[in-house]
Amino acid sequence: MNSGPKRAFVCLFALFLAQNAAQYVFPESTPPLVLIGLLFFALSGGPLYGLALGLFAGIFFEIFGIGKMGLQMAVFGVLGASAGALSSKIFRESLFGEILLPAAANYFAAVANCLILKTLLEADPDLWSALGEAFSWRQLILTLLFSPLIFSALRRVSSGRGGAAASRLGVWR
Amino acid sequence: MLKPNRVFFAAAVFLLALAAVPLPQTAGIRSFVTSLLKTPILLSKTAAQTAADLVRFRENAAENRRLTEALGRARTTEFRAREAFLENERLTRILGLKQAVPPPLKRAVTARVIGRSPSTWNRVLLIDKGTRDGIHVNMPVLSGLSLAGKIIESGPTASKVLLVSDPNSRVGVMLQSSRHQGILYGVFSGGCRMKYIPVSAAVAPGDTVETAGFGGFFPKGLAVGTVRRVWKEPGQIYQVADVDPLADLARLEEVLCVE
């Protein structure tokens, strides 16, 4: 494996450890560092790269899950692939790419998990109540605050090689 | 060059195959991944905990003073409670009643929390004790003397605790004062809720909620939390109450696994 993707996988693992550690500083709500990192790399690499990274990132959340495996991997895989598909339309350094997209993706992940949970526990899951329950001001503020910081740090770490490496993986744009 | 459609199809098949894995094997896979990640998680937690302690040293010192004072008061209360307990035991013996409160817990294993579910939608802890230390699935987990959750998966050196505030958690509980029973479950946004309280029951904020002992998972009489607010669900024949857990579930560092 060339250094670009390897670096992305290592960065995601480091972000997972950081997110786990961040709970001791923000016990009520943790910034979604892994998700922000995933979007950063997916936006530069395309949908296949995003999918691969999303499935990898999902594994970390699977270990804390209960019941069937694969749900978190699916949610993160879809997010990675979707962000990758937007890579030709969204500039990574733009306000949308750097701040609004992570906030929207985090809300999507929360809604998806809420719906999955409700589907497993209740016979008739309600989308509208899931939209309300999944919304958290704390999460939104933390995402908006941390997203530009993580993007800037990852930009320095990856130094623009993610795109080149991803294209070697056979990226579909 | 990879064909995107084929890759997406392969990923979907892989995820479906993963979802089809039977639950015991799923637990085995999770336990294996957990044991691989245990050390890095523990290291990152220790670093963060040390940094947080250093930043909050003033707060911690004030808390230490507060707790020392509280301990003095608690000793008096404990003395009175012990007296009441002994009296209760005597009277129960005299009346020949079956003991409703279980005998003191048979065994307790103290474990350190080494990780927490990093997502907001589930509340699961990772602890540093496993089957080698006698931890097994369904053991109640306490923080202090109040219920925090139960063991849901146990590997050789680490186990997973499902907190009472997780939306998947269900605990049979009752109101300490009125003895009305209900089911306690976690809500997505955090915290706990008690359902199925009869409309006739008088419930007030501050009422203590404890385990009811049915179902066999949790012993009767373990404190769980206090009622914050109560309301009647429209069109339903029961009341619902928001319950604040007594244990500070967001900041647990050590827990007690008991049986």
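## Where chain A meets chain B, and what lies behind

The contact takes 40 residues from chain A and 42 residues from chain B. Two residues count as in contact if their C-beta atoms, placed from the backbone, lie within 7 Å. This is a predicted model, in which local features need pLDDT of at least 70, side-chain atom pairs count only at pLDDT 80 or more, and totals for chains, interfaces and linings use all residues. Residues are numbered from 1 along each chain as its sequence is written, while chains are lettered from A and ligands numbered from 1 in the order in which they are written.

Start with the chain A side. Helix 1 (3–22), helix 3 (47–62), helix 4 (71–85), helix 5 (95–121) and helix 6 (127–134) of chain A each supply at least two residues to the side that touches chain B. Helix 3 of chain A gives the most, with seven residues. By class, this side of chain A has 23 nonpolar, 13 polar and four charged residues. Here Ala, Val, Leu, Ile, Met, Phe, Trp, Tyr, Cys and Pro count as nonpolar, Asp, Glu, Lys and Arg as charged, and the others, Gly among them, as polar.

Now follow helix 3 of chain A across to chain B. It packs on helix 1 (residues 4–20) of chain B at an angle of about 15 degrees, with the axes 10 Å apart. Axes are lines fitted to C-alpha atoms, for helices over the stretch in contact, and angles run from 0 to 180 degrees between N-to-C directions. That angle makes helix 3 of chain A roughly parallel to helix 1 of chain B. Angles under 35 degrees count as roughly parallel, over 145 as roughly antiparallel, 65 to 115 as roughly perpendicular and the rest as oblique. Pro47(A), Leu48(A), Leu51(A) and Leu55(A) meet Pro4(B), Val7(B), Phe8(B) and Ala11(B).

Step back to chain A as a whole. Chain A has eight helices and zero strands. Helices (H or I, at least four residues) and strands (E, at least two) are DSSP runs, numbered from the N terminus. Buried residues make up 55% of the 173 residues in chain A. A residue is buried if 20 or more other C-beta atoms lie within 10 Å of its own, exposed if 12 or fewer, and partly exposed in between, with C-beta atoms placed from the backbone.

Helix 2 (residues 33–45) of chain A has two helix partners to look at. With helix 7 (residues 137–158) of chain A, the angle is about 50 degrees and the axes are 10 Å apart. That makes helix 2 of chain A oblique to helix 7 of chain A. Among the residues that meet here are Phe40(A) in helix 2 and Phe146(A) in helix 7. The contact has seven nonpolar, two polar and no charged residues.

Helix 4 of chain A is the other partner. It packs on helix 2 of chain A at about 40 degrees, with the axes 7 Å apart. These helices are therefore oblique to each other. The residues in contact include Gly45(A) of helix 2 and Gly80(A) and Gly84(A) of helix 4. By class, there are eight nonpolar, three polar and no charged residues.

Finish with the strands of chain B. Strand 6 (residues 170–175) and strand 9 (residues 208–211) of chain B pair in the antiparallel sense over three bridges. Two strands pair if DSSP finds at least two bridges between them. Leu175(B) stands opposite Val209(B) in strand 9. Strand 9 of chain B also pairs with strand 10 (residues 223–232) of chain B, in the antiparallel sense over three bridges. There, the bridge partner of Glu210(B) is Ala223(B).
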